Every structure is written in C-alpha cells, then in structure tokens.
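Please look at the sequence and the structure shown below, and keep both in view while reading the report that follows.

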Amino acid sequence: MTRLAAHSRYPVRLSLNDTPVEAEAEPRMLLSDFLRHRIGATGTHVGCEHGVCGACTVIVDGMLTRSCLTLAAQVDGCEVQTVEGLAPSPDRLGILQQAFRRNHALQCGFCTAGILMSLDHYLRRNPSPREADIRDLLSGHLCRCTGYTPIIKAALEAAAELAATTEEKSDA
Amino acid sequence: MKPAAFDYIRAEAVDEVLEGLSKEGGNARVLAGGQSLMAMLNMRLARPKVLIDIMRLTELSRIEDRAGAVTIGAGVRQATLLAWPELTRTLPLLALALPWVGHVQTRSRGTICGSLAHADPSAELPLLLVALGGEVHLRSTRRRRRVSASEFFVGMMATARAEDELIEAVSFPAHNGGRCAFREVARRHGDFAIVACAAVATPTGVRLTVGGVADVPMARDWPCLDGSALDDALNGFAHELDARDDVHATARYRRDLVRIIGRDLIGEVLQ
Amino acid sequence: MAQPAARSASVDVERRPWVGRSIERVEDAALLTGRGRFIDDLGTPPGTLHAAILRSPHAHADIVSIDAEAARRAPDVAAVLTGEQVKAMTSSLVVGVKAPVECWPIATERVRYVGEPVAVVVATDRARAEDAADLIDVNYQPRAAVIDPLAALAADAPVLHDGFPGNLASDRSFSYGNPEQAFAEAAHRFSIDIRYPRNSCTPIETYGVIASYEAAEDAFDVLANFQGPFSIHTVISRALKVPGNRLRLRTPPDSGGSFGVKQGVFPYIVLIGAASRAAGRPVKWIEDRLEHLTASVSATNRATKLSAAVAADGRVLALDWDQVEDCGAHLRAPEPATLYRMHGNLTGAYDIRHVRVRNRVVVTNKTPTGLNRGFGGPQVYFALERLMQRIAIGLDLDPLEVIRRNLVPAGAFPYRTATGALLDSGNYQEAIAKAVEQGKLAELMARREEARAQGSLYGIGFTAVVEPSVSNMGYITTVLTAAERRKAGPKNGAQATATVALDPVGGVTVHVASVPQGQGHRTVLSQVVADVFGLKPQDVRVNTEIDTAKDAWSIASGNYASRFAAAVAGSAKLAAERIAHRLARVAASQLNVEPVDIVFAGGFVVSKRNPENRVAFSRVAALGHWSPGSLPDDAGQTIRETVFWTPPELTAPDDEDRINSSLCHGFIFDFCGVEVDRTTFETRIDRYVTMHDCGTILHPAMVNGQIRGGFAQALGAALYEEYAYAADGSFLTGTFADYLLPTTTEVPEPQIIHMETPSPFTPLGAKGVGEGNCMSTPVCIANAVADALGLEDVTLPLVPAKLAGLTRGPEPEPPAGRSSAKPAREGDRRLHGEGSASVNAAPDQVWAMLLDVTTLQAVIPGCQRVDKVSDTHFRADVTLGIGPVTGRYRADAQLFDLDPPNAVTLRGKAEGALGFGDAEGRITLAPDGKGGTKLHYSYDAAIGGKVASIGGRLLDGATRVIIGQFFAALAHQAGGAPAGGFSLFALLRRLANLFGGRQ
C-alpha cells in the first residue's frame, strides 16, 4: 500500500511519448496540470475540468483518458501518449495531422489535441470506419470553431490513406 | 477549479481497501475509473479526506460467467465489458445499452461498479441492474453481503452501501433466452437520460424499468398486457414516478415518454 | 548596374494571384503538433502568484460583512482583496450611458448576479488560492431578484441601481419616414412578440490574465487573451488609474476561440491588475469553466414587439419596433452596443421606408452582457423573419414570395436604408434565384409533401438576412440624443492598421492589430502581401500578437464586427502597395525603365515590356538597409510602412438619428427542411442550404469554415443552448452537462452556395462573413419548426419538451385514486411538500423538543453545534450531504406563530460553500387519542448558489432529501413511527436514515 499525504509532493514517473519523464506532484494534482505545468507538455489543453469538452484527452496505457479526470498519482509508472508524440519527426506531420491541415479541420486549434488523440487511438484499431462511427467517437469532444464536418472529412480521408499505407506495407 | 487536498492511497490488496474504509469511514472515497468522482472533486462538491485507488488490484478486474450469473469486478471498465466477447450472449440488454453510457472516452476509464456506486438517477447502469434483478456484492472488514438491485438504490445518489463497505463486484443473472429492449431519450447523444427504458421478458410477462424520472430506477412487472389495459398500466406507472421539471424536460414530457416508449418496448419484447 | 539574377528562368508576369486560393494555413503545423502558444502555455515571471475568485451565490443581496482573516492567515496566501480594497486602488469602469451609476469589476456592498466576484485570493498556486477562498465568510442579506426584462420595468420590481430608476438605463424613440401614416393606411397589420433567450458562443479556451504592476514606473504590464476592441484599453487604464501609456496590454500568439466573448475579459484585467499591485508580484488567473459559464459574459436576451404595416400584396410598408434589451446586472462597456449595432439594419434585406423604433435598455440580476458572434443580429432577425413568415401565413402567400416582394431592388445599390445604413452592393434577387436552383428548393418542397403524406412532422423555413460588418465606432452614440452627441464630440469611423516591413535580406514581415482567435489571419495576410510583391506566401512572415506599448493600434483594433477581410487585410494591401510603389521607383532606376513598366512577379521585380530585364525582389528590398544613399531621392524609405485606413462612409449619426452602423453588408439567404420526431419532438435538420454573398472571397476554405462554424453555433442557439435562470436568479446551466453545445452527432453539413458582389468601399472588395449564420440560422430553423408543427409562436431554444407541450393535447388522467400532477409554474424552483407522522410522545413533550437545543442538535442533519440566540432563534453549524456531495453550512432558524403545544412555524436559512437554502415549514401537533401525537408538517423550500448551477438536474431531489433528513430525525428522536401507507415522510425517513451518522 502506498499512502501519499495531502500537502506533500511525491515523484511521479511515467513514459511520455516513449520517453521517461519525472516530476513531483501533490496527490490532488490532475494529470492535465502535471503534463502542462510540471513536464511542460502544453499541447494537451484544459477546457472544462469536468470531463465533457474532451480537449484534455490523452492515451494512458492504451486507454483514451480525460486527463482532467485523472490524478497524476494514478498514472505513476504508466505509458502516456499526447499530441506531442503524434508527428513522425519535428519537421513532418503525420497522415492524420496532414489531413486536418488539408481539410481546414481546425481553426483556433484549442480542442484539436484531444480530437487527434481520440482519432489516433481509434484509427489504429478500426482501419475502415464509417462516417457514423467517427461521429459517435467524436461526440465526446466539443469544438466551437469548425462545425465539425471538416474534422469528420479529415478523419475519413486519413483512415483511407492509413489503410492504403498499411496495404502497401503488407504487400511488400 | 482544483480539488481540495486529500491523501491518496494506492491499494495493493483488497484488505488494504477494506481496512482503509473501516478506518476512515465517510471521510474516504473509493477511486475507480473516476469519471463521476473526479469531476465532483474538481468542483469541490465532494471533499473526501482520503481517496483509495483500487485500480491496481487485478483481482477486482475479472468478469466471470458462472452458475447462471455474470459477475463483474469493481475494477472492470465499461469499455472492457463492452468488448467482452460473451456479452451479447450472456447479457444482451447490456450489449444494447452500454453504448449509451457516456462517450467512448469516458467508457474507456469508467467502471461498471463505479457508476452503480454513484447512483445517478439518470445513469444507465443502475437502470440495467434493476431491470435484470442483479445483485451488488458488498464487503467490509466486518462482513460480506449481497444486496439486490431494488434494495441497493435508495435515493438520488444514495445507496445501501455502508461507509465501510466496498462494492467488490456486481452480478447480473445470465440471459434466460427471453427478449429484451432498451431505449433512451437524451438531449444529445451521450447525455444523461431524460428518460431511459428497458423492457425484459419475464416468465409471466414483462418487466419495464424506467430511469431518469424518479430518484431511483423504478421497475414494474406485468403479465402480458396489450391494448387499453397496457395503456392504463403504463399511465398509472408514469404517474407514480413523481416526475419533475428541470431545464431539459418537463414532468409531463417524461411521463409521455414513459407511456410511448414503454408501449413500444413492451411491444417489441412480447411480439 | 541592373544584373538580372537568372536570365534562363522565365517570369510569368500574369500569374494567378494567391488571394482567392484555399492554401494550407501557416498556423496549423504548430497547432497540430501541440506547439501552439496559448496564454496558459506561456511561461510566467519567477515568483508569479495565482488568483482564485470567490463569487456570489446570490442573484441579489447586500453584503453585510466579509470575514477574510482566516484566508489571509492561510499558508502561502499573499493577498486577499475584497470590493473595499479594489475600490481603493481603482476607479469605476465606464458605464455605457450617462447615468449616476458605478460599475466595478467586483461587488462592493451589494451583489447583483450569481457569480459576481466578491473576493480575490492570491496564493502560490491555484489550488491553495481556492483553499483559502473557501475560508472566507461572507454574510449576505438577500434581496428580491428580478430576472425578466419586462418584469424589471414593473413599478414594484426590485431596483438594482439607484441611478437607473425603474431599472431603465436608456429609453429612446426614433421615427424614420412617416410610420404613423403608413400604419393608418395599410391594408393589414401584423405583430409578433418575441423573447430571445440568453446564450453564448463559449470558446473552449477560457479567459486568462497575467498582470504585473511595476511600481517603479507606476505602470501595468498585462498579458491577456483579450480580443478587442481596443477602445476598452482606455476603459481599463482609466479604471487602473494610470494614463494609457502606462498600461501595456499584450496578447498571446494563439487564442482558443472568442466569437466576441473574450472582449469580456477586461473587468478581470482590472481585477488581476489590482491584485498584482496589492501583492507586489505578478499575478496569473486562468478562468475555469464554471466561472466562465456562470459569470463571464453573455449575449443579451431581448423582449421585442414588432409590428408591420402590410399592403394587400404582402409588401411591408412600415415597421414598428419595440425592443427591451436586457444587459444583465451592469451596463458594461461597450453596452448597450448590442442593441445599436443593428440600428441601420432594422429593415433587414427589405425596402421598407417607414420605421418607428423604441429602444429600452434594462438591468436585471443576471451576468452582464457583452460581445457575442452575431451581436444584435440574432435578436433582430428572429423578430423580423418570424414576422415575415407570419405575414405570409396571414395573407395565404408563399413565405418566399413575401420575402421576394420586399427585397431591396437589385439596381438600387448603394442603397440607404430608412434608418441610415448604406448597403454597399448586392443583388439579392439573383442570390435567391441561385440558391433556389442550386439548393434544389423544388425537390425539398416535394420532400415535404411526401413526408407529410406519410404522417411526418416536416417543415421548411426561409430567411433573408443582411450581414453587416466593419462597425462604425460611432454607432453606439445613437443611444444619445443629437444634442448629447454634439456635447460629447464626434465619434465615428473604423480605423484599421497594418505594418509591412522589409528586413536586410529582403524578407517581408507583416504586423496587424487584428488579434485572431483561429480565423487564419496570418495565412490570408501572407497571400495578400505576397500578391503585391510577387512572392510566395511562405516568403511573408505575419505577426498578429499585439503590444500596445510598441505596435500601431487604434481604439478600433481587435477582432470583432467581422472586420478582418474587409478592413485589416485591405490595410495590409495598402501598406504593401506603398512600399511596392517605392521599390518600383528603385527598381526602375536600376533597370532603366519607367516605374509604370515595373511589375512584381515570381520573386523578381520585372519590366513588363521586357520580362528578361529584372532584378531579384530581395536585392531591391534590401537596398533600403544596405545602401539608403543609392535610393532615388524621391523614393522615400522602403524599410517599414504603417497604414491607417478608415472608410469615409462611416460618418457619425446625423441629427435625425440616421446611422450607417456598418461599412459592408453581405447577403445571406437560407432555407432548410426539418423533421420533428413524433415521439420525442427532437428536431432533425434534414437539409440546410445557405447562400452567401460576402463580396470578394480571399480564401474560400476559410470562408466556408466561418460559415460552418457559425452554423454550428447557431444550431446550438436554435436547439440546445440557453443560459437559464430560475425565478430567484439562481443560475441553472453552470456546466457543459447543463449548457449543451452541439456535437458531431447533432451538426450536419450545410450546403454552402456563394455569389461574389465586391464591396466598392473596401480595398479588396471583401465583406465580413463571420457572423451571418448566427443571425440567419436560428430563425430559419424556427420558421421550419413552426411550419412543421403548425405553431404560431416558437421560442428558442427549441427544447423537445417545450415543443411537445405546445403540440400535444391534454395528458391522460392519472388512474383513479391518484391526484393529478401539480401544475408546475415555469421557472419556479421552490419545492413544496407535506407529510405526517405518529410520534410516541404527548404533544407537550414533542413541543418541548422542538424548542430544545439538545434535541435540535440531534435532529438537524449533520449538526455540529447549535447556539441558542433566544428562546425562538437558533444558529447551527451543519454538514449536509447527498451521496458524495457534502458541504458545511451555517444555518439560522427562527420559530414564529407559536401556539404551544399545537402549532409552530419554522423559518430557516443555511449558507455555505456549495450554496444556500431557505425553507419555511408549519408543524402542527395533535393528540392521537392514544397518548401519542399526530405530527403534520408542510414546507416550502429552495436551494440556490453553486449547487443549483452545477447540479440543477438533481436539485429538487436533493432539496427533498435534506428537508426529509430534518423531519425524519425529529420523528426518530421523539421515538415516532411514520404514518402508515405510502407517504413522502416514509420515503424521506428511509433515505435520511441512510445518512445517519454522516458528518
């Protein structure tokens, strides 16, 4: 049993986008605040802190996770993926990111990180989604700028492209 | 909007949870998926002194299909149950209704037992437990007991769980071959239900269970009714539920949905 | 000297311009990889403290006392500011009308809306600041609240501000043409009464402020995600008591949406500025979502009565507007601008020459209003376009035909409306014809017939809307009389600014004060300037951060009134052209040609007649740095040019109150088909067609992005969103589970159709396009739903239960033996109940218990202690809980109308961190003839504050449980048993027992 006292700070170690990171946190510190203000991974955004808007969505041990509804202490030792880990290299966008740019699937970009994480997680497991699947998946995210439809188009385009890329690989 | 301070206990054995609950009583809250509790902590609606995290306990994360019942441990997430290959065969009603619970992003973390513990009158899982006549497995350092669904939910966000008890698991009777149906009306997809209804065929007729209207999910068993007898029965039930107005719906609207959807679902189940 | 760099390459001097192409955005790579720089992503100076704000749970109350000592002593707390301290350091915010009224960013002496700041706590981190805020003890004396704008005008309404007698902040009447005669002579008169609800575009990023007071210079350095207009800079500096040049206001590189809303951060700039001054350190505050929904800012709700004088053929001859605008608890700058923004456009897209207007502005106990996408348009068009449909129905005409018969004639532009707007350009008839054809209206009509034949509730709605953009800074002065305006001095125009600079290697930089929040300004400006210089967009770097200490700006700067494409992008073009003009002179002398022969293309400065005679752009551009002496004497400097541009058409209101309130006027024609579900009464948008003429389109994909985004927000306003208040002023929609935004499963793709009629008044021919659907879509959907259900009146949002209530017949009676459901008054949050119990003690024993401190301590749920103030007055500290929701409350109870040992009235209230409650109960005791007592009680209770705004869905149940706890415990203490059979009492007692022992 591990007991962390209310007003003390304890080290939290986790793997962030395949890189080990460590910083101290009080028991009450949210994962969203930990990532942003302790680690400096500010790509994950905070929009409501009650689990509705989806801006803070990250992946913890393969599970889509609202980082505002998760304590930093809960993910000690876990693998966390955030928007900072999506691009294949700093000067190149991934297929999904490119599809977003091509389709103008973002405007202010504040909600985008969470949406990208949900889609990245989903498309890896569901390579040929229907539009209704994408709409169902993304109903857990709020976007105020785009009216959503360019996001759905980008997701479907990316899915098709990813499927084609996978086929090529398996053909090889 | 940050939580008030609390101690955090990461339990590594069920006994540690029980001891913690025994010692801290009402000052402690069990943290499972956190999809309801964490929002309440952030808003400072809940201010426990201690949080006991049970999600590292592998013994609580089992789904067992045994002796005519499916038992789901306290650590089983909603998404895990939804992805369980035996779900449609053993619990077809849950297979129908689980996609209505929150969103993909909350089902991935939220647990079955956590939703039951929270006992939101509009949540789907309490409704399903009542509809199927399931049992909640409670455990403390003092005792182990099982409480039937109808006894477990005693009011809005209030359950029969004593403060030193852990909801260790919940069990649903495995499917008996009868038909079942589920329908929910919410303002938007994924919202808490304005009215949710489940109909289940019983040996003598049908059971209709309604959530979102009264303080707890309410069930009614009827023989095979139709026509005006069914209308009267549904109307009586609708009026008994003590529906109320809120910003999303009126009491009358809720009663209308109970009458209309109830009739549709019973028709589906008894056809 | 001229040495063309590469003779082999040919330069296409007639190449296609970048403007008009949907190039990928320069903003996106950073935003897609988590490298955006929003305010909370930026570092803060070492030692920066964090603020939390304690807010009022009451809609209207006097602050009797504030005890902040415990908070001040709390660990890691640097300062606690209440209204008193803030008042000592600042001046009142400017109020939008002339009246002896003050407006502070924090409550002083009285709170006037739920969520009004009461104290600011500054600590080492946010959580600790919130911990300390919980320790502040505020004693409120509640007053009656008024929520409805018309009720606020009633003679007996509670008055919010003594300086606004009768809650009326402004009352102006206007007459244009001869409306009296038109109404007297018209064949028909149609009227409509509208209640437009409160809503907000709620950006996903909340407000943020980082303020630093620099004592050595008596100056403030503020970073805030403010959006303009920068006229507010003067309001802030005045409130902080420094001249404008000592308020350095900066914006972060990225801002997470605004839609007008982030104008409303300005009171917090004052508040956090004062906190920084008090703490002597930089202070950061990031608004949380509960704060945002409850207390940031809202669009105005409005009560409108609109009448039309109508000829037999459906021609509208005159309009009579009576608008009562509800600006909430304070009239904050720039209000009442929402009401006057549309003043020139009160006739919409129609040629109506006679207009009468009465505009009243009232204050109510709700959050103060401010900028919101559409800004006055949704309110005006909802009335006007609902009325047009009603005229069509009344005259048995096709609604589209009524619209057509009234349109401004195609050849009439520029067209001066009756109320003063100068409609710059358009051809509304052609636009409608295009939309009808391309949007396949005939097919939609057939679909309606088919759906109706199958028993579906299917309807079609139409809207024609003029979308104003680029506001005249002077329109707000229409609220003043002509005499008052003369005294105040002129106010008009729409000063836009842009700076273009060339660096020593020929790189081009553009800076504007447009403060985008996602609209892609940097991309469009790179296109505009690249075209002028013959470069590629990636050669042009654009900076849209603003720093009022260093940058060019004016009071009109900022991102509002859809002014970017029309005004700002045009200014950048003019600035680039000025430099290009000079560079052309330089290049002409180098290439030995006349300046008129010079063009900029393909990265070169080229002779048109001989394209091989050319010089690299970068060489010419760099010359101003490296060899200014070699520039031709008359060319002038070529390093940096700042243009200020204001259109001459935007004049001040004339003496007859005619005002050209906006520079540009786009046209929108929408139609849609909806189906209303017969069971749930949910509205499904089957098809939505939206035709836009926004002048020259600079970036088609971004224009469509604005249309889709506005459409989705408007869909929310039509179907889901309302900032709802209870009759007592409790705010009921404080979370995203209560204030419902549409999601992917609710928003369809609208069919977008374009037509381009350039504006003759803007440098690029562009008009604004950002707000139009927020004006057209809500009423278009409402018209369709009214058509589907055959309703005369519909109110937004189109909540299914509301539509069902209007459409369904009487409810089936409850079965015999059950009383029928109590009719609920809308907005009544008070809860009534009664119950009875048999108690195994004589009435005089029970009576004694009710007056006994020890008994009370035992029966009051979660009671820690009871203090007896007098024999009939008690104070108690209690902890109440529903499930995990627990809070500490201070309770105060008094006994009245004592009739020992037969009856007593108990009146009490409780107040704590989660809100407040009050209740009144009458308890009667009667001997049961068996030595015991029959106890009967009835009560009336209400709960408000935080728990109402975030748990409204569960509130009634919670209230009943808590009241039940008291009476159940009383019966239990007396050894009583509940009365037989089903009773509320039995239920409550069962519930309450489960809370037994909870502390």
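## Where the two domains of chain A meet

In this predicted model, 18 residues of domain 1 of chain A are in contact with 15 residues of domain 2 of chain A. The assignment places domain 1 at residues 10-85 and domain 2 at residues 95-171, and the centres of these two domains, taken over C-alpha atoms, are separated by 22 Å.

The area buried between domain 1 and domain 2 of chain A is about 1,200 Å², and carbon and sulfur atoms give 64% of that area. On the side of domain 1, the residues that lose the most area to domain 2 are A:His45, A:Leu64 and A:Val83, which together account for 37% of what that side buries.

## Polar features between the domains

Between domain 1 and domain 2 of chain A the rule finds 0 salt bridges, although it does find 5 residue pairs in polar contact, with both residues at pLDDT 80 or more. The elements that give two or more residues to the side of domain 1 that touches domain 2 are E4 and E5 of chain A. Divided by class, the residues of that side are 9 nonpolar, 8 polar and 1 charged.

## Where chain A meets chain B

Turning to the two chains, 37 residues of chain A are in contact with 37 residues of chain B. The area buried between chain A and chain B is about 3,100 Å², of which carbon and sulfur atoms give 50%. Of the area that chain A buries against chain B, 21% is supplied by A:Met1, A:Arg3 and A:Arg28, which is more than any other three residues supply.

## Charges, polar contacts and strands across the chains

The rule finds 4 salt bridges across the interface of chain A and chain B, and a salt bridge joins the side chains of B:Lys2 and A:Glu49, with a distance of 2.7 Å from N to O. The count of residue pairs in polar contact between the two chains, both at pLDDT 80 or more, is 23. On chain A, strand E1 (2-4), strand E4 (57-60), strand E5 (63-66) and helix H4 (131-138) each supply at least two residues of the side that touches chain B, and the largest share, 4 residues, comes from E5(A). By class, this side of chain A has 18 nonpolar, 12 polar and 7 charged residues.

Strand pairing also links the two chains, for E1(A) and strand E1 (residues 7-10) of chain B pair in the antiparallel sense over 3 bridges. Within this pairing, A:Thr2 has B:Arg10 in E1(B) as its bridge partner.

Definitions and conventions: Residues are numbered from 1 along each chain as its sequence is written. Chains are lettered from A and ligands numbered from 1 in the order in which they are written. This is a predicted model: local features need pLDDT of at least 70, side-chain atom pairs count only at pLDDT 80 or more; totals for chains, interfaces and linings use all residues. Side-chain values use heavy atoms; hydrogens and water are left out. Contact means heavy atoms within 4.5 Å. Buried area is the accessible area (1.4 Å probe) that two parts lose on being put together, summed over both. A polar contact is a pair of N or O atoms within 3.5 Å; within protein, one must be able to donate a hydrogen and the other to accept it, and residues adjacent in sequence count only if both atoms are side-chain atoms. Ala, Val, Leu, Ile, Met, Phe, Trp, Tyr, Cys and Pro count as nonpolar, Asp, Glu, Lys and Arg as charged, and the others, Gly among them, as polar. Two strands pair if DSSP finds at least two bridges between them. Domain bounds come from an automatic or database domain assignment.
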